[in-house]
Amino acid sequence: MNAMKTEAETSGAAPAAWLAAAPRQLAEMNARAGWSLDAGELAAVQTHFRALKREPTRAEVETLAQTWSEHCKHKTFTSPILYREGKSTKRIKSLLKETIVEATAKLKKPWCLSVFEDNAGIVAFDKKWALAYKVETHNHPCAVEPYGGAETGVGGVVRDVLGAGLGAKPVLNTDVFCFAPPDYDGPLPSGTLHPKRTLTSVVAGVRDYGNRMGIPTAAGGVWFDAEYRHNPLVFVGTVGLLPRSAVKKSVKPGDLIVAAGGRTGRDGLHGATFSSAALDDSASVSAVQIGHAINEKKLLDALLRARDRGLYRGVTDCGAGGFSSAVGEMAALCGARGGAAVDLEKALFKTTEIAPWEAWVSESQERMVFAVPKEKLSAFAEVFSAEGVEHCVLGEFNDSGRLKVAWTGTVLVDLDLEFLHHGVPRRERQAVWETPKPAAKRASRAARRGEAGAALRWCLAHLNVCSREWIIRQYDHEVQAGTVVKPLQGLHHDGPGDATVIWPQAVVGEEGSYRGFGVGHGMNPSYGKLDPYAMAFSCVDEALSNLVCSGADVSQASLLDNFCWGDPEDPKELGRLVRAAIGCRDAALAFGAPFISGKDSLNNTYADAKGAKHSIPGTLLISATAPVPDVRQAVTMDFKTANNSVYMVGVTADELGGSLWEAFAGETGGRVPEVDGKRAKAALHALSAAIRSGLVLSAHDIREGGLVTAAAEMAFSGEVGVSIDLERVPRAKDAADPVTILFSESQSRFLLEVTPEKEKAFLKAMRGVTLARVGQTIANPILRVVDLDSRTLLEERLGELKAAWQRTLPAALGWPGLNGHNGHNGSSR
Amino acid sequence: MKKPKVLILRTAGTNCDLETASAFKMAGGEPDLRHVRELVSGKTKLFDYGIVAIPGGFSYGDDVGAGRILANEIRGQLRELRGFIRSGRPVIGICNGFQVLVKAGILPHTPAGEQVASLSFNDSNRFEARWVRLRINLQSQSLFVKGLPEMIELPVAHGEGKFVVKSPKVLEMLKKTRSILMQYVNEEGKFAGYPYNPNGSLFNIAAVTNPEGNCLGLMPHPERYVTRWHHPNWTRQTFCKEGVGLELFRNAVNHALN
C-alpha cells in the first residue's frame, strides 16, 4: 500500500481555499471537481467549517457531495415548493411527505412491514415470509455506456434487495425502458448513441447480468418516443423474499464494519453526483461502474448463508457514493447518536493507483457493508471464504456522533453525522401548472369508420403495442422454476401477458403451499404531456388492472413510484412533477393501495450545441405487486375456446387525448383519459375476487389502441375468433360513433371470457359494476365487429393481425429465422 | 423407507440448485447442496450419496467457455465421479451441468474418457429461453426416461446449447450405442429446424446418455416442469395432471432405492 498515491497528488488543487473563498471561487472548485453542489450547499459547507475553524479535507467534501446529491437525498422531493395552480397558490413543505408518504400513512395497511426507510419496500408475503421490492433507474450511465450501464443497474438494484432488512433472496427482476424508436433517422447531437444501439446494448446488459445471477427477468415494458433520443430511461427492479424475522436491521456500538465482495478500484467515481447532473457530450465513461455478475452471485450465496446463521446485525449495499454512503448510512443507525471509525487502508483494492478520497467514494461494484458483532467474525469469515468471497474489517461502529475515517493514521474525514445527514439546506423552488384550455370542436370521427381496419393493424404494429418477444426470449424468465404466469402467453406462448405471477415454491420450500405474487406495471408518458395528474392516475389503474387480470388480490396491492423528470429549476417542469405526485397520492388513496418505495431521477435533460436545455417528457413508472393466494386460480389473457361469452367491464367515453388513434388520425385536442376512483376501485376489486373464484377463463385490460386492440390480442394469442357488437358496449353519451368506441382509451376497462356455465355466478359476483356481454368467442379465426347499425364493420383474419403485431421489433432489430416461426403461426388463415 | 441422498453440486455461478433440489425432494429424494470445494477438500464424500446432479447456471461465469472450468475441476480434482458413474448410480447434468459433463469427457462416453463433443454457441448467436418439443429414444438404456411418453415438452434457456461432435464417427458411435436420448422436434414429431431446434444442434440432439443409461446430460430443464402449473399452457389445458419433468427425477430416486 506504500505505492498508493497521496491525497495531494490526486486531488489537484488543494482544498485549502475553502474558508476564505468567495462564492464564485467555490462554484469554480465545484465545477472542476464534479461535486454537483449548488451555491446554497457550498455556502452551508463553508459556514460549517468556518465554525470549526479548519479547512475541510477533499474526502470530507466528497462525502458531503455524495450524501447530499439529488440521487441520494432527493432534495427536490423533500424541499419546500411554492406551487401555483391557476389562481391558487400552495406552499408544500416536502412534496414526498405530503403526497406519496402521506397516502401510505393514511391507509395504514397491515401488510406494510418496512416502507420508505430501507433499501427496498418490504411487505408481508405470508405468515413466515416477507417480500422486498425496489425499482431503480440507471439513465445517465445507460446513455453513455448502455451495456455496462444496464449491467450495473441490475447489479445495483439486486444489491438493494440483498441489503433490505437482513437480506432478501432475489426471485424476480423487472425491466422497463424508454427509448427513441429504433428506426429513428432524425438528427442526433454529438456524443449521443443511436437508439437502436442503445436498445440492443441495454437489453444485452440486462440479459447477461440477470441470466448469470439466476434471477428470472420476467416482467417489464418498453415505451418509445423520439423525445428520449438524448436521454434514454432504464428502470430495473428486483423482488426478493426474506424471513419476516429478518425485516429489521440494527447496528450496535462495537460492531465491526466489514466490507465483503468485490475489491475497490477507480471505476465509478462520482456516479451519484454524475447521475444528478445534466448530460452533455463531455459526460465521462469513467463515471460508469464495471459489473461482474458472478462476483455478485457469490456474494448473494454467502450473504444468505450468513443471514440464516445470524452472523451479522445489519447490512447495506455499496451503491452510489460507495463506502462513504454505505458506512455513513449504517453509522446513523448505531445507538442514539450514531458513529463510525474507519481505517480505510484496510480495504481490499484492485489497484494501488488510487487516492484515499477515491477509495472512500469509489462505486466499484458487488460490495456490501455489514455490521458484524465481534464474536461472530470468525464464523462470518468462514462462510464467506467457503463461497470464495473476500472480506475485510474496515473499523468499528460507535456512538460518538461522528464519522471518522483515517488512512494509515492520517485523518481523512471527521464529520458530524447530524450535519452530514441533516445539514443540507432546503431551498424553496417555484412550481406552476396551468390547466390547458379546452380544445376547439373537431370533425366527427364517424366519417372515418372505413379506416377502422387499417387503424387496428397500425395500432397492433405500433412500437408501443407490438410484440416484445424479441426482448423477452433473451431473458431466462423461468429460472428458479416459479414463473407460473409467464410474460408470453397463449397457444404458441407468444401473446402479450398482463402481470407475471411468481410461485416461489423452490425458494420458500413449503410443499403444498400455492401462494404466489404478481407484478404489474403502468406507464403512459403521452397522457402526461396533456396532464401529469391524469397520467399518474392511469398508471396506477394500469398496474393494478394488470394484477387483476392475472389473478392477484388487488385489495392487498402495494405500489412503487419512479419519477424520471427534466429540469426541476424550471417552474413549469416542476409544476408537472407536483401534479403527478398529487395524482399518485389521490390514486393510492382511491384504490386503497399504499406506496412502499420509490425513487426519483431528475435533471433528465440534454444541453444541445447551442446550449439550449431539453427536458424529457415527464415520465412516471408505477410498479405494483399483490399476493396471488392460490396460483392455481391464475388466468391468462388468451381466449381459450369458442362459444364462450365475452364481457366488457367499465364505461367507454370520448377520451382519446394522447391515444394511438390520435396519432394514427393526426387528431389533437382530445380529452385525456381520467379515472373515476370510486368506480374503478369497485370494478377492480369485484373482478379480482371473481377471477380468484374461478369464474373467468381469460382476462385482459383495455389500454393503448382501445377495445379492438385488446380483443385482437386475446383472439390471436388463443387462436380463437371473437365477435363483438358495439351496440352492447357500455358507454357515455359522448361515445356515439364506432371509431370512438373502438379506439377510446378510457380507463378501468376489461375484456373477459366467461363460460356459459359460470355466467350466472359471474354476474352475481360483479353486481354493482358496469359491464355488459358484448359478444362471444367463435370457432372461425377472425375478429368481427358489428357496428351500431348492425352492419358488419370489421372482419379481420387473426393470422394477419398477429403477423402485423409480431413484425415490428424483429424487422427493426433483426432476428434471423424468427420469421419462419411467424409463418407457421400466421399461415393459412 | 430411507430416502436416497442426492448431491446437488454447487459452485460459483450455479443458479438452478434450489429448483433442482426441490424437484428431487418432490420425487422422494433427500437433496443436499454442496460446494465443489467441499468435495475437492474431502470434507464431503461423493460415495455417501446415491445420486449426483450438476444443475444449470453459469459456473464461474462461463468464462473461457460454458462449463469449462468446472469440467476441468472434475477432470483433475474430482476423478471419483467417473467411478461413481461406473458403480451404476444415477448422475444427471442439466444445461450448464450437461456442458460440464461434455467438457469433462464424461459424455458422450468413450473408453479413454476424452472430450469428443461440445456445446457451442446457438446458431441465433444469443441466449434464448423457450419451450421445446422433444422425442425420446425409447430404445435407449436410460433409467431416467422409463415410463415416459415418446413426445414431451420442456423449456430450454441457454446461449451455448448447440451440440457438435469432433468427427462423424462420434455421431455414428452415439447412434450405435443408442446414446442419443432426446431430439428436438415439431408438433408432428418431425425435425423442423429453428425455432423447434432452438440452437442448431447436430442431428437435433438435446440429450445424451451413457450406453449403460445411468448418466444423463440434457440442455432442457426438467426441474422447471415438475407440476402442471409450470407449463405455459396450463391455463388452457385440462388434461395434464403433473409436470413430465418430475418423472426423470422420480426414476432416478427409484433406481437409487433399489
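The legends below describe close-up views of a predicted model. In this predicted model, local features need pLDDT of at least 70 and side-chain atom pairs count only at pLDDT 80 or more, while totals for chains, interfaces and linings use all residues. Residues are numbered from 1 along each chain as its sequence is written, and chains are lettered from A and ligands numbered from 1 in the order in which they are written.

**View 1. An open sheet of six strands in chain A.** The strand order is 3-4-5-8-6-7, with mixed pairing. Strands (E, at least two residues) and helices (H or I, at least four) are DSSP runs numbered from the N terminus; two strands pair if DSSP finds at least two bridges between them. Strand 3 (112-114) and strand 7 (217-224) of chain A each have a single partner strand, so one side of each is left without a neighbour in the sheet. On average, neighbouring strands are turned by 20° against each other, direction ignored.

**View 2. Strands 5 and 8 of chain A, with helix 10 of chain A.** Strand 5 (residues 129-137) and strand 8 (residues 233-243) of chain A run antiparallel and are joined by nine bridges. Tyr133(A) has Val239(A) of strand 8 as its bridge partner. Helix 10 (residues 146-162) of chain A packs on the sheet, touching strands 5, 6 and 8 of chain A. Contact requires C-beta atoms, placed from the backbone, within 7 Å.

**View 3. The side of chain A that touches chain B.** Here 37 residues of chain A are in contact with 32 residues of chain B. Helix 13 (293-308) of chain A gives the most to this side, with four residues.

Conventions
Axes are lines fitted to C-alpha atoms, for helices over the stretch in contact, and angles run from 0 to 180 degrees between N-to-C directions. Two residues are in contact if their C-beta atoms, placed from the backbone, lie within 7 Å.
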